[in-house]
Amino acid sequence: MGLELRTYGDALDFLYARTTGIWRLGLERVEAFLHTLGDPHRRLRALHVAGTNGKGSVCATLDAVLRSKGLRTAVYTSPHLVDFRERFLIDGVPVEPERIVAFVDKWTPEVERLGATFFEATTAMAFEFFAEAEVDVAVIETGLGGRLDATNVITPLVAGVATIGIDHVEYLGATLEEIAFEKAGIFKRDTPAVIGDPDPTIRELLASHARAHGANPVRVIYDEDAPAHVRVGAHGTSFTLGSRAFTTPLRGAHQAANSAVAIAMLESLPRALAPLEAEVQAGLRDVRLPGRFQRVGKYLFDVAHNPAGAAVLASTLLAVVPPKPIVAVLSVLADKDWRGIMEALAPVVDRFILTNAPTAPSSRAWSIPDPLHFATERGWAAEVIRDFDRALVRGASEGETVLITGSFHTVGDAMARLEVSPTGG
């Protein structure tokens, strides 16, 4: 018998109770749970995307283009910004709260018996929802790494890895080589593999792993027609791939590479699903990805949560030149490289407001005196405002552009308070 949950909030409380703050990698529990559900993941035609940064952009682009072809799509991503339902989109629409309540109510005993984690339970939930909806294609983003990530139970039509960076070292390794090995774990035998990292050593390492897994063909973006003539403006990013010209509304030079990964993955689909050139062009115009260099009024939202992400954010700020002064409202999880993030942003922002995102787990909240001392020693303008709402108000009073960044928690909490809907169009 289930929990007899009454509300969506009850269901979320149960799921969040499965969150311990420690990832338990491995496929045994999620495979056992999915088998109880009737193996819904085996009924899906899926695209699988991994990467330290860029995978969300690739997923959003895949979804937009496939929908432009008239296909029924589903997208599973994590984490969410404001509402848990953002993780499960079917034709761009979050699933109904009632479906989540019903799933949690029915399957709670099995989740508890298996000791399934939060991410394992939600991944199984996604596959069940998408199979029930009989979508044409599901776009699946890895949660952490790839090889032992709960999403890696699928055998996709195409697998792609965007970029590799240093993150989650406690789980994936402290070197790019170790992390590349984990990300490459999504490549499967006789399945097309697409690799988008610009670093020659890393992309060759990923390609080598792909070939070792038996992937075929193996497409390496920067060994083919690498993105060229990249131009970033206030309304998007234009680039060429060989003789073909493209434009995405996502801003930043890195979005040319992310788009190229998505395009190559789409081209690698079976003929019945692969979009025509005109459908690729039309779909690219409709790409939308909340929280990635997203401007709403004077607020600029970006979920950069590691130094590599902060570096591309900084380069995009230089290219777009938003109104100054730029005030960064910054809150970073304690286990992230906040020093590297601040070093990347300091040259392009006028001051930092250091704060705590309300939904950040207390076990991972950063100790704000440390980044304040770090900024002061380097001569950067910075102040601490621990209350998040007051930090937003101060940012708006001092900046013509208020950059809100540092984590998904930071951006999501700000969106909730400023009534910006991630899925509201």
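**View 1. Eight strands make an open sheet in the order β4-β3-β2-β5-β1-β6-β7-β8, with mixed pairing.** Strands β4 (93–94) and β8 (218–220) stand at the edges with a single partner strand each, so one side of each has no neighbour in the sheet. Strands are DSSP runs of E, at least two residues long, and helices are runs of H or I, at least four, numbered from the N terminus. Two strands pair if DSSP finds at least two bridges between them. This is a predicted model: local features need pLDDT of at least 70, side-chain atom pairs count only at pLDDT 80 or more, and totals for chains, interfaces and linings use all residues. Residues are numbered from 1 along each chain as its sequence is written, and side-chain values use heavy atoms, without hydrogens and water.

**View 2. Strand β3 (residues 88–90) pairs with β4 in the antiparallel sense.** Two bridges join them. Leu89 stands opposite Pro94 in β4.

**View 3. Pro97 belongs to helix α4 (residues 97–114).** Pro97 is partly exposed, with a relative accessible area of 24% (buried is under 20%, exposed over 50%, partly exposed in between; 1.4 Å probe, protein chains only). Leaving aside neighbours within four places in sequence, Pro97 is in contact with Tyr8 and Arg85 (contact means heavy atoms within 4.5 Å). Ala116 is 19 residues from Pro97 along the chain, and their C-alpha atoms are separated by 21 Å.
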